[in-house]
Every structure is written in C-alpha cells, then in structure tokens.
Amino acid sequence: MRQFASKRNVQTQGVHFSTNEEGPPRYSSHHFNGSTVNGGNGLQIPPTIVVSDESSTAERRGSRADLRRSSVYSTMDLVPQLDHYANSLPRQMIKSRPSLETLRKTPEVVEIGMDGASASDSGSLPGPDMENEESEGAKGKTPVRFGWIIGVMVRCMLNIWGVILFLRLSWITSQAGVVLTCVIILMSVVVTSITALSISAIATNGRVKSGGAYFMISRTLGPEIGGPIGMVFSFANALACALNTVGFAEVVRDLMHEFGVVMVDSVYDVRIVGVITVTILLMISLAGMEWESKAQILFFLVLLVSFANYFVGTVIPPNVDKQAIGIFGYRGDIFVENLSSDWRGPQGSFFQMFAIFFPAAIGIMSGANISGDLKDPTIAIPKGTLMAIFWTTISYLGITVTVGSCVVRDASGNKSHILTGNNTDGCVGLACDLGWNFTDCSQSQTCQYGLANSVKVLGQVSGFYYLITAGVFAASLSSALGFLVSAPKIFQCLCKDQIYPYIIFFAKGYGKNNEPLRAYILCYLIAIAFILIAELNTIAPLISNFFLCSYCLINFSCFHASITNSPGWRPSFHYYSKWTALFGAVICVVLMFLFTWWAALVTWCIIIFLFGYVNYNKPKINWGSSIQAGTYNIALSSSVSLTGVEDHVKNFRPQCLVLTGPPNQRPALVDFVCTFTKHICLMICGDIILEQDRMTRPEDATDCLVKWLNKRKVRSFYTSLMADNLRAGAKQLLQASGLGKLKPNTLVLGFKTNWRDSAPESIEDYITIIHDTFDSNYGLCILRMMDGLDISDDLEFEVNQGFEADENVDNPDQQTNEEETAFPRLAADDMSDEGSRDQINTVFQNNQGKKTIDVYWIADDGGLTLLVPYLITRRKCWRRCKIRVFTVGAEQNMEKGRDEMIALLNRFRLDISDVIVMTDIEKRPHPKSMSRFVDSVAPFRLHDEQQEGVSVEELRQSTPWKISDKQFEAFKLKSERKVRLNEIIRKNSKHTALVLVSLPVPQSDCPSALYMAWLDTLTCGLHCPAVLIRGNQQNVLTLYCQ
C-alpha cells in the first residue's frame, strides 16, 4: 500500500497541486490525452475528465480547478471536490456533477465537452460563488483582506477601549467602589464571553459572508428573527458611533475651555465638534477599508502609549499639585476606603452604573461585523474576539484597582488646604490622615477633583497629561470609526436579502470591496441625530439595551441550533455549550429590564413588530435555519408520541385523502375539503399519474402545485403517484398515505359527471375505488358541482371545474378516458409559474350569508354526515348558515320521531336549526322522473329477455358490464326510492348553499352502471354543490365526556 502513501511535497505524474494559506490544495490546469497514464509500480491512474472553461472569469479563478478527475468506478463519475459544494445554495444551484440519469445511461467517455448534451448534463465547472468578494465594476482589482490580529483582535480591542474607559470608569469606581466595579466588569465580561463563544460557534458553522451578527442570526434562526435583529443591530451600531463621538467632543470642549475658547456654550460646542468629527470619520470610511484599517492601527499604537503613560504615572511619587487634586500614589488606606460603594446623585445605583459601563464591552462584534473582509472568518473571529476580551478585561481591572489605590473620592484642588503640623481638628475624611483638609468641599459637595467629581482622573494620574488626552482621542475616534464602518455593512446585507420593503436602495455596493456608500450616508445621518443630544449618560443606556438584545438573540441562536440536533450544525469551534448560551440569553434579557425598563420595553416592542411583519409576509427565502430544524423535531416527536395513544371518539377528525389530480385544475374540490379541515384536520391532495403521462409531466410540476396550494392558503400536503391505472393508484394511496396516526380516514372524490359517455372500464374503476374505500375502513365523500366553474379559458385546458369533461369518448378501449374525466391531466404549459399564480374563486370561498345547509341523514353512518356540516359552519364565510336535518319516519309517528331526533342532536351539542321528518319517502316517484331514470340507464341494459336467436350467456360474456333484465327488476324498488328522494331534495333544497345526502353503500351484486345511475339520480337537478357522504359505520360523535 506504499504507493498510496501521501506526502505534502509529492508530485504525482501529470497532476500538479498548489497550496495557499486560505484553503485546501488546488489542482492546476492540465490536459491529458485520452490514454491511460501509468504511474510508478505499475499503478494505473484513471483517465481525467477535462472541462474547458471559456468564460470571462477564467483568469479570476486561475488557482481553481479546471481539471476534474474521474473516480475508479467510471470516467463519468467524479471524485469529491470543493467546487461541487461551493454552489449548494438553492438560488445558486449549478449542475457541477453528472446526474444519476447520466451515470446510468450515458456510456463512459474520457473527455466531456465534445458532446453538447453530455457537457450540459455533467455540468461545466463554474467557479464557486465568491459572494460579493468583488463588485461588478472592479473585477480586475483584488479586495483587501485582513487576518485575525488586524481584522479582529485589534479592531475589537479598539472598540472595547472606548470613551467609557477614559471618561467614566474612574467615576464608576468612585460610585460603586473597587469591589462592585470589578463585579460590573466581570459580569459584563461573562455576558460578552458567552456571546463570543456563541459567535465563534455560529461563525465556524460554514462560510460567513459580510453582515456580521445579522448574517449569523438570520442564517441560523431564519429571516423572522434575523430581519428584526439586523435592523436593530444596525441602528445600535449607529448609536454607538454617536456615543463615542460625543465622548470625543466633550474632551475637545474641555480642552477648548481650558484655553479660554468658547464657540457658543458647553452644549452647542459638543454638538458642533461632534458633527465635524463624524463628518471627518465618514470621509475616512468612504476612502475604503484599506485607509480605515491604517487609521485603526495608528489609533491602536496611540492607545498603547497612553496606557503605558498611565501606569508609569501611578508609580511616580505625587507632588503637591497632584496631592491637591486627590492623587497620593499607591496607598493601602486609600484602596481600603475605595473598596466599598458611595452612591451619589440620581444615578447612584448598581444597575445604573452597570448600564453606563456596559457600552464599554460592546465592541466584541467589530470583527464579526466585517466578516466579509476577513481572509478566513472561521479562524479569525473566534481567535481574535476571545483574545480581545481577555486583554481588555485585564486592562479594565488593572485601571480600576490602580485608580482606586491612588486617588481619594473628594479633593478641592486648592493647595492652601494642606494641613500644617499635626492639627486635624474639624477635619473629616481619609485625606486628613494624608495631610490635607478637604472637609468643606466634601460636605458641601462642591469639590471639583477626586474620583467622584472629575472625569479627567486618568490623565491627572498619568505621567504626561496630554498623552492620556491623545488616548481618549484614539479610543473614542477608533470606536466611532469602527461602529461607523460596521453599521452600513450590516444594513447592506439586510437590504440585499429584501426582507423589508423600500430599503433595497441601500444595498448597492461600490469599488473593489463592495462598499455600501448609500448606507454610510444613512448611518451618518442617524449618528448626527443622536450627537445633537450631546449627553453621554443619556445615550449609553439606550445603546446598552440594543446591544443586549442583539447578544440575547445571538446566544439564543447558538442554543436553538444546538438543541435541534440538526445534522447541518457542525461548528469547527467546539468550546461552547448550549446551556451556557441559553444562560447568556436569559441574563441579557434580565439586564435589559434592570438597566432601563422602558428602553427594554421599547426595544422588544420594535423587535416584535418587525418580527410580525416578516412572519406575515413570509419572504421567499430559505436559509436552512434552526427554526426549520426545530419545527421538524417537534413534528417528528409529536407524530411518534401519537402512535402510543389510542384513538378516542372525542378526538375524531375527518382526515381527508382528496383525489384531486393536479390541485389547480380542481380548485372547487380543494376548497370544499379545506372548509372543514383547515387548521384542525389532515388534508392530502393525491395526484395519480398514469404511465403514458409521465414523460409529458414537467420536472417542476410538484413545486408549482405546492406553490399554488400555498398561495391559495390551503393547508394540505400534495403527493403524486405513478400507476398503471386509476384504481391501482387510488388503492396504493389508500394503503400508504399518511404517517402513524396522521393517516387519512376519509376519501374525497369528484363526481364522474360524464359517466354515460365513458368507457365501461372507466365506470368499473370508479365504482371499484368506492368498494376499495370501504374495504380500507375509510369514510367517503363525493362532491358534485352541477354548474361548476369552467377554468379552461384561464388555464388553457378543456376540463370543467365541476369535474365535467367536455370531451366524449367513443372508443370503449381508450384507457385514458378515466383520467380525463375523474382526474384531468395538467398540460405542460399550465405548470408554468403564471399558471401557478392563477387563483380561481369558487363558491366555497364566497360568503354564504343566511342560507341553509341541508343534511339528508338517511342512514346512520356513525355521525360523519352531521360532523362535516358542523365543521363547515365554523368557517367565517359559512358561519351564518343554518343547518337543517332531514330524516326518514312514519307519518303516524312523525312528531315522536322528530322529538327523538332533536333530543339526539341536542345531546351531540350540534347547533341544528330545524329537523324535518320525511314521511312520503315510500311513495312512488312521478312517472316522468322514473322515465328519465330508465332512459339514463338504457344504454347500459342488456335487454336479454327481448333478444331472439342469441343465447343469454353469449350476451353476458360479450358485454359483462351491462345490466340484465333480471338485475334491473331486482333493484327496481331501490331505484324508485332514489328517484323519489331526489324529488324531495329538489323540492325542499331549492335555495340552499349546500346539500349533503347519505351515500348508499354499493352491494357486491349491484352492477356498476346501475349504481352510478343511482348516484347521478340522487344529486341531479340541484343548483348548489351536492355531497354524497358516508362514514365507516363507526362513531365519530359521542354523548359522553369520557
């Protein structure tokens, strides 16, 4: 087996490998002649399939495979390769490997492309979709790509080291004390670390495009959750840009005031400086990611110098000037004093301090937000984000402990307050032991310096004050710039998905990096709107809520994707836990309401509104989300759990198998069943495809028909079945349809209106289906539309909507008649998208007003005849209809029979408006009516007793489907009853909305043509839909509660 041993630098004869840091080895372009190549040790290398690529993108894919190697099984069968899987998204499906049909039928060849059909079937090899790596206008330029240090770690650290670090951390330490401040920092780190783990898991579960958090959440939880969070997270990033810009503007204003420069006043100066600053940052962003990255590196270096300057300053012995403002160097008594909290002012509470500090930890998404600009997001995002959290946490804790060890809370800044001698009379506070008397300003709360009063403490402690100012500039500007870049890229990805209307305008990208210039302008305007607030402590809690909401959904995405056990959830980052992710999601929600309850409420209301919009519109996108996987798990678990539950009459539902053929040819039949099954019962539309129609059926017929059902808002499954004839297909559907307890118990058919002109075999098949239905213990419904809705002009085929075919069949041997009458075929043109969009209105969709539904409950079938009309009246358009029940009784006991029926119906708890007892059912029908019936069956009579010179046996053998005179006489009384019942129905149900009649059960010795005539007679002459219905003789209604 040594000839198969692989080494990194081995070069196989005729095949060249190349490697790079971004992906697996690539085949280089090479052509073989058709002969087999002999390798070393007599090993034969199979011939290689060469696919020539003449597209204009060949140069761009120079490192990609133009050479495709065949497997050892067949020259048509290709070995696994990356390009087969890079285009696996539904919208980008490209045939890059031969189909099963090709592998089975096409002979083996060495080179593909010589034959056009083979080449198209096996597929030319397009390069994998680069997914916005290049814009259309800059194909020749190489996009800028970053590694994990510059692209993620440095960027995250810069955004975490924001304005809160330099302007608020010392003040929070004075309010909460060193201990609680460290708790706040660690709690923030717990939230961000858990979120970072979730981000890492999601980011490594497949390739991550641009769009950051939105892309991850939407592709994990679906557009319903991803859309709202994309909108909110984009907005939150724009607010974070405003927050850091305001922090920068405050520092600039203070510097200006120190030098006596005032433009308007303290508030307007912040606004003016802020607007100018964000405009400059916009210019840097518009220059492109390369310039933005260079600016971020410069800011990072400045920050490192400022940190070094601060820590050096803490060990320099303080002079009198520094002591006057409360800085005394490292002292244990100061540290002990500052350990405990000292809440002051209206914002003096733990969660208020938490809310103000939390924006200092929100920068963890900065690397993920530019995932489209990273070399390898699956490695860079986990590594860079976690390292950034570690180092920034160390810096936050270090500054909190050091500043709490060096600076007292209150100081006057007046050098005359130094104590002379050992006289400390009247002096209160820790400063007294250090030789200073700050009692007056401390008690009157007029101190200007110290931890509790000055936001410039870090600069005052440092070795050189203005280096800290430079650090403030670098921290605030870098964070503002990072958020200004992140927000448009997230919003651009959201706009491209077209989840919300009117925002596609912002999806357009420009330049080699596909920069969203329009989204930059929008983000710029939003940032300016919040810069005009000019109050840091007001903006911070709002941002905290938006980011906590985002973190909550990111953690929930990771948890949900993990708990659904979807085979597609395979993150290469394994250091996460679904329960930790759930804990992080819950903590985020709790903190939102503890920080600012009204802001949390507003945030979730926005999320719910945006979610409701997407859920209502149901965008036609499919990302294989965990919501789909979860739905499948729930459905599977529920179905399996039902198998262990015995059926109970109280839970009976008419679960219908509807033989519709293509559903869009029979909308009335579909709508009728939908009226009593929607939201409560199972409905399966069965389509029996005869062998001769298989080749003419379009490939996408099933998809088109399912789309038609969905657009019509019919909650039904669609299943098609290949069969030799109608009866065989129906029998297979009766036996195999359903899953476990979700199995049909009622068959619904369309009435065979043109039975008189049909082939005898067609009638026999139709009646045999009825027999098979009862053999399978199913109930049965047959719908007849007397006027019907002819949609042939709309869908361009000749089938009456009332299931009446216009085509007569003269040839008895023509086997396709049954399909044309009972199950008309759908032409190829009708399977187009336009055909699927045609929605023909039927009577079952119209408002029926105060009409009646007449139920002729002739035979006790277990109650299905009563249950179906009751369920129909629960629908909105049938709600005002009244149900009338007609039953059979003797004239002398009419009142008693009526009272008994009313009592029975009342115990069934059915809202029946009237009960009518038919006492004249046994009267002979009118001669004209009987004559019409005799004429209808005349073509099917054998008339054997009137034949002369021909034996009866010969007649019966030649036409076994005909009705003999003996059979006709034997069933004459039953025929008269059917004719008489039709007279009563036509008399009493002239203006009803729907008529339901008990279906007579066919006897084994009853000829099919005679039984078909009975069904025709029962429902003829009506101007409303008529339903022949029969249960399986088992109770579906109960009087009892157990």
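Predicted model: local features only at pLDDT ≥ 70, side-chain atom pairs only at ≥ 80, totals over all residues.
Local features need pLDDT of at least 70, side-chain atom pairs count only at pLDDT 80 or more, and totals for chains, interfaces and linings use all residues. Residues are numbered from 1 along each chain as its sequence is written, and side-chain values use heavy atoms, without hydrogens and water.

**Exercise 1.** Classify the packing of helix α7 against helix α17.

Solution. Helices are DSSP runs (H or I, at least four residues), numbered from the N terminus. Here α7 spans residues 223-258 and α17 spans residues 465-496. Their axes, lines fitted to C-alpha atoms over the stretch in contact, are compared by an angle from 0 to 180 degrees between N-to-C directions. The angle is about 160°, with the axes 8 Å apart. Angles over 145 degrees count as roughly antiparallel, under 35 as roughly parallel, 65 to 115 as roughly perpendicular and the rest as oblique. α7 is therefore roughly antiparallel to α17.

**Exercise 2.** Classify the packing of helix α19 against helix α21, and list the residues in contact.

Solution. Helix α19 (residues 536-563) and helix α21 (residues 597-617) pack at about 50°, their axes 9 Å apart. This makes α19 oblique to α21. With contact meaning heavy atoms within 4.5 Å, α19 contributes Leu542, Asn545, Phe546, Cys549 and Cys552, while α21 contributes Trp598, Ala599, Ala600, Thr603, Trp604 and Ile607.

**Exercise 3.** Which cysteines form a disulfide, and what is its handedness?

Solution. A disulfide is a pair of cysteine sulfur atoms within 2.5 Å. Cys441 and Cys447 qualify, with their sulfur atoms 1.9 Å apart. The count by this rule is one disulfide. Its S-S torsion is about 80°, so the Cys441 and Cys447 bond is right-handed.

**Exercise 4.** Where is Glu764 found, and how many residues separate Glu764 from Pro1007 in sequence?

Solution. Glu764 lies in helix α26 (residues 760-775). Its relative accessible area of 38% makes Glu764 partly exposed. Glu764 and Pro1007 are 243 residues apart in sequence, yet 8.9 Å apart from C-alpha to C-alpha.

Notes
Helix = DSSP H or I, 4+ residues; strand = E, 2+ residues; numbered from the N terminus. Buried < 20%, exposed > 50% of the residue type's maximum accessible area, 1.4 Å probe, protein only.
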